[in-house]
Amino acid sequence: MTDASTGAMTPATSSVLLVLAHPALERSRANRALAKAAKGLSGVTFKDLYETYPDFVIDIESEQAALTAHDVVALQFPLYWYSTPALMKEWLDLVWLHGFAYGEGGEALKGKKLFVACTTGASAKAYHAHGYNRFSMDEFLRPLEQTAHLCGMNWETPFVVHGAAVKDDAALKAEAERYRARVASLLPTRTEA
C-alpha cells in the first residue's frame, strides 16, 4: 500500500518505523543514499517529516498511531548544531506526549526499540574530548538516549556516518549497505510455521 501524501510504502505488517528529518534532502547525497537503502527492506515503513509536514503542522493522532503500530522507531537525520533538525525536535515535542509516551498512563512506547542513524560533516576524530567538537557522538546523542529511557524503550547502538559530505561514491555505497544491514538486523527473524 502506498501513502498518497508521502509516497511511502506502508507494508501491512511493519516492524520498523523509519522517520527521516532532513530539511534539504535533495542536496544530501548521504541521507538520500541511506534512506534509499533502508526503504527497500520489507517490514520498514518510511516517513519523511519534511515532505509530509512542510508547514510544520503535525498530525499528532496519525503519528501516535504509527508509533504504536511498530516495534522499532528509527530516527534518521543529519546532526545540525549538535542536535536533530528542527522538525524532528518539533515532532518529538508534539507527538511523544505525557500520558502517551511517558508519565502516568504513558506506556505506548514501552518495550519498543529506539534506533538513531545520523550523519555528520566532520570526521570521527572531531568527536572526542580532544577533538574539534570536544564531545563524543554518544554525548551528543544523550538526550535521545534519555528519551528512550524515560519512555521505557530499549536504546539501540546508534549508526553514525562521519564526514558524509566528502565521501566518494564507493564509500557512500558501502555506508548505505552497512546501514541496510543494520536496519535489517532490527527486523524480527521470520520463522516457518
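Gln76 has Ala117 in β4 as its bridge partner. This is a predicted model, where local features need pLDDT of at least 70, side-chain atom pairs count only at pLDDT 80 or more, and totals for chains, interfaces and linings use all residues. Residues are numbered from 1 along each chain as its sequence is written, and side-chain values use heavy atoms, leaving out hydrogens and water. Helices (H or I, at least four residues) and strands (E, at least two) are DSSP runs, numbered from the N terminus.

**Around β4**
- β3 and β4 run parallel, joined by seven bridges; strands pair if DSSP finds at least two bridges between them.
- β4 also pairs in the parallel sense with β5 (residues 154-155) over two bridges, and Leu114 stands opposite Trp155 there.
- With β6, β4 pairs in the parallel sense over three bridges, and Cys118 sits opposite Val160.
- Six of the seven residues in β4 are buried, meaning under 20% relative accessible area.

**Helix α1**
- In α1 (residues 29-39), the buried residues are Ala30, Asn31, Leu34, Ala35, Ala37 and Ala38.
- They cover an arc of only 160° around the axis, so they end up on the same side of α1; the arc is that of the directions from the helix axis to the C-beta atoms.

**Cysteines**
- Searching the whole structure turns up zero disulfides (pairs of cysteine sulfur atoms within 2.5 Å).
- For Cys118, the nearest cysteine sulfur is that of Cys151, 19 Å away.
- Cys118 is buried at a relative accessible area of 0%, and Cys151 is buried at 4%.

Technical notes: Buried means under 20% relative accessible area, exposed over 50%, partly exposed in between (1.4 Å probe, protein chains only).
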